[in-house]
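Colleague: I have a new model open and a few questions. Can you walk me through it?

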Amino acid sequence: MILPKQSLAASLIAVFLICSPTIAESSSPTAAEIRSAIKADLKDAGRLSENKIEVAVESGIITLIGTVVSLQDRQIASSIAKRTRGVEAVQNRILVERSARSDSEIQSDVQKVLLINQSVEHPPITTEVSGGTVGLLGKVDSLSQKRIAEFAAAGVRGVSEVDNQITVRMSSDRSDEELRAEISALIVQSVYFDNANIDVQVEDHVAKLSGAVGSVTAKERLEQVAEIWGVAAVDVSGVEVDPDKLDDSLRKQRYADVSDKSITDAVRRSFEADPYLFSRATGIEIVVDQAKVELSGTVDRSFIRTRAGQLVHGVVGVRRIANQLEVEYPEEKPSDETIIEETQQALARSGHLDRREIRVHCDRAHVSLYGLVDSELEKRVAHSIADGVAGVVHVNNSLAVEAEPSGKSDQQIEKDLNRKLKYALLDRSDQIDVVVEDGVAILRGHVDTWLQWQTAMDLTVEAGAHHPHNMIRVRYHPPHSGMRYFIPQ
């Protein structure tokens, strides 16, 4: 285990005690500061650094202009702008270059990803492709299924735009009050809104939300949470983007009120509301002991097992998770050779991985991925794609991230990380001090939750540091066992 030098550790403590942390500042950033932060983060974003993207800021509204080579790059640029403090809305006018792939090739791949998509079990969806633009027509049972169908189509290599004309069939007999109560509970139990006071009203199956969130990204996530089965539309026009209106006392209260029973109820509610898990929720046993969640039972896809774990991590108060779900493919199990072929084809369809050569091995339905990618995002995308292939029971992701050296000095990494923490972490309760030595970033201070702890880690890597030493303490729900810190071997 690598331990920081005594002198460095002492200096860290001293700096933390005498300095006013950047994150705690609440003054609104200027348009120039917002533009500068977004431009710098776009430059740090690997693939996007190759493109010239212009950023305009006016009254908190961001306009992105430029050209990129894939729809995924366009979406990444938008997500960077949406997470930035001070941004109230984003107009994405970035154009996607026309791919060399034919419309028929793109349409064939879109039809395949829709067919295997786990949220739309019997999708009567018609696809049309013209000039790289994919049109989706048909009916699904919920707004979330409509959104996921669009997400799946957008991930296909060569797609430059998705025109989603899918409609939602309204056959639900759920009352407005039942829908309101479920949406409200899903919001309150979410780690993403644990300090937000959101009012929910439902009239004629239309959910109207009001309150304040910390970023445009949070506002989009809020809309997605409300897209439960039975809701015809979600109106978030009453939701402000203003981190200064968040209430840290709400978070403290919500964590203080957590019990094993409340966690069990919240996890069950998340499973039953999720468009992927709702039909499998009854087959999953949930046991909670001192905020540790254990899942057991069987599911039919490796992806569903992964998804269940992700939903548990998003529940307020969960400290640890033991995902003991087993994967049993319900039909005749495909051979390892078939799984390899299907996985290779699925990876080749992805717009994220079009420049990568990934080797796939399979032994008794356990898939291993080998090769090089240039970002953690690409590694996660490859894992998710392999996870969703029929017959796969486990994915061993051995892909190596070989990002280009940042070439940054310690001073520049420290400056960039402090900027990211200030503009992307979006929480006044955070108190984080950064010291960088020989490219190694050491983080000290306090945050409220493990979600913030992990976000700080992600931003550290994004800033160009390596082997981050995360010494940040978490105020709420400390672990029952193990170290509070992450120090790489």
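Predicted model: local features only at pLDDT ≥ 70, side-chain atom pairs only at ≥ 80, totals over all residues.

Colleague: Noted. How many helices and strands are there?

Modeller: The protein has 14 helices and 21 strands.

Colleague: What about contacts across the sequence? What percentage join residues at least 24 apart?

Modeller: It is 70%, counted among contacts between residues at least 6 apart in sequence.

Colleague: On to helix packing. How do you describe a packed pair at all?

Modeller: Two packed helices are described by the angle between their axes and the distance between those axes.

Colleague: Fine. At what angle do helix 9 and helix 10 pack?

Modeller: Helix 9 covers residues 260-273 and helix 10 covers residues 302-313. They pack at about 130°, with axes 9 Å apart. That angle makes helix 9 oblique to helix 10.

Colleague: Left-handed or right-handed crossing?

Modeller: Helix 9 passes helix 10 in a right-handed crossing.

Colleague: Which residues make the contact?

Modeller: On helix 9, V267, S270 and F271. On helix 10, A308, L311 and V312. By class, this contact of helix 9 with helix 10 has five nonpolar residues, one polar and no charged.

Colleague: Now helix 13 and helix 14. How do their axes cross?

Modeller: At roughly 140°, and the axes come within 9 Å. Helix 13 spans residues 410-424, and helix 14 spans residues 450-462. Helix 13 is therefore oblique to helix 14.

Colleague: Close to the limit, I guess. Where does oblique end?

Modeller: Angles over 145 degrees count as roughly antiparallel. The roughly 140° here is described as oblique. The crossing of helix 13 and helix 14 is right-handed.

Colleague: Which residues meet there?

Modeller: L417, K420, L421 and A424 in helix 13 meet A456, L459, T460 and E462 in helix 14. By class, the contact of helix 13 with helix 14 has five nonpolar residues, one polar and two charged.

Colleague: Why flag a positive phi?

Modeller: Because most residues other than glycine have a negative phi.

Colleague: Where does R364 lie?

Modeller: In the loop between strand 15 (358-363) and strand 16 (366-373). A365 has its place in that loop between strand 15 and strand 16 too. Phi of A365 is near 75°, again positive in a residue other than glycine.

Colleague: Let's pick single residues. Where is D109?

Modeller: D109 lies in helix 4, which covers residues 103-116. D109 is buried, with a relative accessible area of 9%.

Colleague: What does D109 touch, leaving aside its neighbours within four places in sequence?

Modeller: R101, V156 and R349. Separately, D109 and A153 are 8.5 Å apart, C-alpha to C-alpha, and 44 residues apart in sequence.

Colleague: Back to helix 9 for a moment. What is A273 in contact with, beyond its neighbours within four places in sequence?

Modeller: A273 is in helix 9. Its contacts beyond those neighbours are E182, L186 and I228. E182 is 91 residues from A273 in sequence, and their C-alpha atoms are 8.6 Å apart.

Colleague: Is A273 buried or exposed?

Modeller: Buried, at 18% relative accessibility. The cut-off for buried is under 20%, so A273 qualifies.

Colleague: Last one, V134. Which strand is V134 in?

Modeller: Strand 5, residues 133-140. V134 is buried, with a relative accessible area of 0%.

Colleague: Then what surrounds V134, setting aside its neighbours within four places in sequence?

Modeller: V134 is in contact with I106, V110, E128, V129, V159, E161, V162 and D163.

Conventions: Residues numbered from 1 in each chain as written. Heavy atoms only, no water. Helix = DSSP H or I, 4+ residues; strand = E, 2+ residues; numbered from the N terminus. Contact = heavy atoms within 4.5 Å. Axes fitted to C-alpha atoms, helices over the stretch in contact; angles between N-to-C directions. Parallel < 35°, antiparallel > 145°, perpendicular 65-115°, else oblique. Left-handed = near helix turned anticlockwise from the far one by under 90°. Nonpolar A, V, L, I, M, F, W, Y, C, P; charged D, E, K, R; others polar. Buried < 20%, exposed > 50% of the residue type's maximum accessible area, 1.4 Å probe, protein only.
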